[in-house]
Amino acid sequence: MSKFKKKKEGGLPPISTASLPDIVFMLLFFFMVATVIKEDNLLIENKLPSADQIEKLDKKNPVSYIYIGKPSANYVDKFGSEARIQLNDKYAGVEDIAPFIAAERAALREELLPKLTVALKVDSEANMGIVSDVKQELRKVNALKINYTTRKGDAVAGAEN
Amino acid sequence: MAKRSAPEVNAGSMADIAFLLLIFFLVTTDIATDSGLNRKLPPMIEDVVDPPKIKERNIFQINVNRANQIFLKADGEERLIGLKDLRAAAVKFLDNGGGTGVDACKRCQGAKNSNSSDNFDKAIISLSNDRLTKYKTYIAVQNEIIAAYNELRDREFRRDFPNLKMSYVEANERYLDPQTPPKEREDLKEKLETIKLLIPQKFSEAETKSN
């Protein structure tokens, strides 16, 4: 006597998964086209505010990124929950801005130097104090072209919640 | 002997491979956010020269406090203003055209209030904020100021170049788009510059207060 009877014919036919790879490839191509490789590994929370009068950042010109926000959940124990600056993959203080800009400039061709834009990616919950300090530092090193990176959206509604 | 058909390649693991790639891309990439509000910081000036005399009626003073409330001092009065009314108030101030004689503003369509700005060139928007002001409020205020300027620039752009059938913002986007033919870009640049000169963004930021 066999415990395992052969299944009777005539049940539902199995669903064909032959097109599954095609679907997944489609998704893959979508993500490859719509995204860019991460520039920096974020150590901070970075929920950008929204604004609607935005201009595209000219990618032909060099851009340096400064991130500001409170340390992400993994780092709160060590670094507290006050907003901090992140430059390249590290936490940094206000005094590190000047050497950072100098290093960014050193990597550029001379004719591109005046075109360097500093993109400030600041968390919407951060306080203006730290942002003003960074701006003051940038003025000291004469990096005057800045861009407040924002998402596209309604600024007024974004600020109220 | 009959021709043997080539054995079929098993494609069952194709989906797994594709999923693996997909997950790799999901993890290592970011949706690009490469747009924002462009601003220029004022250069550091070492020794303090006498600041130019500016009449109070030409300044639109915005002060954002630590509770993210906005105080506005303009048109000879001081009041608390909501974020959503700021744009209209800024447009009204910039477009006032209260100047007479040399300072008269031919293009302004405002109320010509003698307590408000003289002309586009004289009008200054000044913003100060507290160290505890939230960044999102600051960005919203900046956004509304830029919006006010863009609104007026759009109007004047359409008036000066009606055959382009574009607003200032659209023209600027087209100018920045690398796919626009160089000849058209040259032409647009010139037109954009005229409008920028006509309605300059005179924006001043006071240093952040620490208390």
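## Where chains A and B meet, and a sheet in chain B

Let's start at one spot: Thr35(A) has Ile31(B), in β1(B), as its bridge partner. This is a predicted model, where local features need pLDDT of at least 70, side-chain atom pairs count only at pLDDT 80 or more, and totals for chains, interfaces and linings use all residues. Residues are numbered from 1 along each chain as its sequence is written, while chains are lettered from A and ligands numbered from 1 in the order in which they are written.

**Between the chains**
- β1(A) and strand β1 (residues 29-31) of chain B run antiparallel, joined by three bridges; strands here are DSSP E runs of at least two residues, helices are H or I runs of at least four, and both are numbered from the N terminus.
- Contact (C-beta atoms, placed from the backbone, within 7 Å) links 54 residues of chain A with 47 residues of chain B.
- On the chain A side, α1(A) gives the largest share, nine residues.
- By class, that side of chain A has 28 nonpolar (Ala, Val, Leu, Ile, Met, Phe, Trp, Tyr, Cys, Pro), 14 charged (Asp, Glu, Lys, Arg) and twelve polar residues (the others, Gly among them).

**The sheet in chain B**
- Five strands make an open sheet with mixed pairing, in the order β5-β4-β3-β6-β7 (chain B); two strands pair if DSSP finds at least two bridges between them.
- At the edges sit β5 (77-81) and β7 (203-205) of chain B, each pairing on one side only.
- Strand β6 (residues 124-129) of chain B runs parallel to β7(B), with three bridges joining them.
- Ile125(B) has Phe203(B) of β7(B) as its bridge partner.

How values were computed. Two residues are in contact if their C-beta atoms, placed from the backbone, lie within 7 Å.
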